[in-house]
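Here is a quick tour of one model, written for someone who likes to check things by eye. Keep the viewer open and follow along.

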Amino acid sequence: MIPMFSEIFPHAAPLRGLAGGGLIGLAAAIMLLGNGRIAGVSGLLGRTLALGGGTPWSIAASFIAGLPLGALLLSMLLGPVPAHFPPSLALLGVAGLITGIGTRLGSGCTSGHGVCGMSRLSPRSLLATATFMASGMATVALVNLAGAGW
């Protein structure tokens, strides 16, 4: 007998995931159609911190500020979302630093390549997204094999 989706992934929330993905796509489309700019979060954060150019600072800062403010608003309306983080803030900081370096080396992040680039069928973004996914899967597998998963 084939197991049901809910038996394989008991904590999945596919409708919330679909709604979230739709909102991400809508934000990316508004940014591209309204401003002619890609909604790549690492690039917008870099612009906000004066590390890069392109998008006007006010637009980049508004987009970046809207990310936590939107999450706060939804948590106030729908209740908090349970989240699990590594037990060490140092580990979380190192992971963030490595991710930041990777976004600079890869000329973008998952939102820029995975959402915006793939929707435009950019070969560079297709390759970058495949690399992100493979690296993430390999990392999870190695961490779990080492018994360090949380």
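A29 is partly exposed, with a relative accessible area of 31% (buried means under 20% relative accessible area, exposed over 50%, partly exposed in between, with a 1.4 Å probe and protein chains only). You'll find A29 in helix α2, residues 14-35; helices (H or I, at least four residues) and strands (E, at least two) are DSSP runs, numbered from the N terminus. A29 and L77 are 48 residues apart along the chain, and their C-alpha atoms are separated by 25 Å.

L32 sits in helix α2 as well, and it is partly exposed, with a relative accessible area of 36%. Leaving aside residues up to four places away in sequence, L32 touches R37, I38 and R120, where contact means heavy atoms within 4.5 Å. Pair L32 with S88, 56 residues apart along the chain, and the C-alpha separation is 38 Å.

## What you're looking at

This is a predicted model, so local features need pLDDT of at least 70 and side-chain atom pairs count only at pLDDT 80 or more, while totals for chains, interfaces and linings use all residues. Residues are numbered from 1 along each chain as its sequence is written, and side-chain values use heavy atoms, with hydrogens and water left out.

Of the 150 residues in the protein chain, 16% count as buried. Take the contacts between residues at least 6 apart in sequence: 39% of them join residues at least 24 apart.

## α3 against α4

Two packed helices are described by the angle between their axes and the distance between the axes. For α3 and α4, the axes come within 8 Å and cross at roughly 120°. Axes here are lines fitted to C-alpha atoms, for helices over the stretch in contact, and angles run from 0 to 180 degrees between N-to-C directions. That makes α3 and α4 oblique to each other: angles under 35 degrees count as roughly parallel, over 145 as roughly antiparallel, 65 to 115 as roughly perpendicular and the rest as oblique.

The crossing of α3 past α4 is left-handed, meaning that the near helix is turned anticlockwise from the far one by less than a right angle (clockwise would be right-handed). On the α3 side, V41, L44, L45, R47 and T48 do the touching, and they meet W57, A60, A61, F63, I64 and L67 of α4. By class, that contact of α3 with α4 has nine nonpolar, one polar and one charged residues. Ala, Val, Leu, Ile, Met, Phe, Trp, Tyr, Cys and Pro count as nonpolar, Asp, Glu, Lys and Arg as charged, and the others, Gly among them, as polar.

## α6 against α7

Now slide along to helix α6 (residues 110-119) and helix α7 (residues 123-145), which pack at an angle of about 130° with their axes 9 Å apart. α6 and α7 are oblique to each other, and their crossing is left-handed. T110, H113, G114, G117 and M118 of α6 make the contact with R124, S125, L126, A128, T129 and F132 of α7. By class, the contact of α6 with α7 has four nonpolar, six polar and one charged residues.

How far does α7 reach from its first C-alpha to its last? α7 has 23 residues and reaches 33 Å, close to the 33 Å expected at 1.5 Å a residue (the expected span is 1.5 Å times one less than the number of residues). Its buried residues are S125, A128 and T129, and what covers the buried residues of α7 includes α6.

Most residues other than glycine have a negative phi. A50, though, has a positive phi near 60°; A50 lies in the loop between α3 (41-48) and α4 (57-78) and counts as exposed at 61% relative accessibility. L121 also has a positive phi, about 60°, although it is not a glycine. L121 belongs to the loop between α6 and α7 and is exposed, with a relative accessible area of 63%. After α7 comes G147, whose phi is positive, near 75°.

Is T103 buried or exposed? T103, in helix α5 (residues 89-105), is buried, with a relative accessible area of 15%. Not counting residues up to four places away in sequence, T103 touches S42, G108 and C109.
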